[in-house]
Amino acid sequence: MTIASSANFLRGTRSGYANGIGDGRVAALDKLTGFRDELGSAASAQLIDYCVSGQTAADIAQKYSVQEREMAIILQHHLRLCARYFDFM
């Protein structure tokens, strides 16, 4: 996604800079798609809620109708799988 402060947004289309998406970004998007396939859509959605949207375990637990303590364990497990998938552990 592009935001107003992003270099791609500020350059415009007639600036002489390359347009489109770079090879590194394409590779990253492919890796994210594989991550979603590996973990599944529910786990990916929960991690996005937690890591990107900044929701708490309590917020996510309420959304999925589980106890907060259970969701904390679930999120910890998902984070471990995420770390393994991206070779962080």
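Where does Ser65 lie? Ser65 sits in the loop between helix H4 (57-64) and H5. The notes below start there.

This is a predicted model, in which local features need pLDDT of at least 70, side-chain atom pairs count only at pLDDT 80 or more, and totals for chains, interfaces and linings use all residues. Residues are numbered from 1 along each chain as its sequence is written, and side-chain values use heavy atoms, with hydrogens and water left out.

1. **Ser65.** The helices named here are DSSP runs (H or I, at least four residues; strands are E, at least two), numbered from the N terminus. Phi of Ser65 is near 60°, a positive value in a residue other than glycine. At 68% relative accessibility, Ser65 is exposed. The classes run as follows: buried is under 20% relative accessible area, exposed is over 50%, and partly exposed is in between (1.4 Å probe, protein chains only).

2. **Asp87.** Here too phi is positive: about 60° for Asp87, which is not a glycine. Asp87 belongs to the segment after H5. Its relative accessibility of 63% makes Asp87 exposed.

3. **Lys31.** Lys31 is in helix H2. It is partly exposed, at 34% relative accessible area. Lys31 and Phe86 are 55 residues apart along the chain, yet their C-alpha atoms are separated by 8.3 Å. Leaving out residues up to four places away in sequence, Lys31 touches Tyr85 and Phe86. Contact here means heavy atoms within 4.5 Å.

4. **Gln46.** Is Gln46 buried or exposed? Gln46 is buried, at 8% relative accessibility. This residue is part of helix H3. Its side chain makes a polar contact of 2.9 Å with the side chain of His78. A polar contact is a pair of N or O atoms within 3.5 Å; within protein, one must be able to donate a hydrogen and the other to accept it, and residues adjacent in sequence count only if both atoms are side-chain atoms. Neighbours within four places in sequence aside, Gln46 is in contact with Ile60, Tyr64, Met71, Ile74, Leu75 and His78.

5. **The largest pocket.** Its volume is about 330 Å³. A pocket is an open set of points on a 1 Å grid over the protein atoms alone, where a 1.4 Å probe fits, with protein on both sides within 12 Å along at least five of seven lines; lining residues have an atom within 4 Å of a point. Grid points are joined across faces, edges and corners, and the volume is the space filled by probe spheres set on the points. Helix H2 (23-39), H3 and helix H5 (68-85) each give two or more residues to the lining. H3 gives the largest share, five residues. By class, the lining has eight nonpolar, two polar and one charged residues. Ala, Val, Leu, Ile, Met, Phe, Trp, Tyr, Cys and Pro count as nonpolar, Asp, Glu, Lys and Arg as charged, and the others, Gly among them, as polar.

6. **Ser44.** Ser44 is one of the lining residues of the largest pocket. It lies in helix H3 (residues 41-52). Ser44 is buried, with a relative accessible area of 3%. Residues up to four places away in sequence not counted, Ser44 touches Phe35, Arg36 and Leu39.

7. **Cysteines.** Cys51 and Cys82 are also among the residues lining the largest pocket. A disulfide needs two cysteine sulfur atoms within 2.5 Å. The count of disulfides is zero. Cys82 is buried, at 18% relative accessible area.
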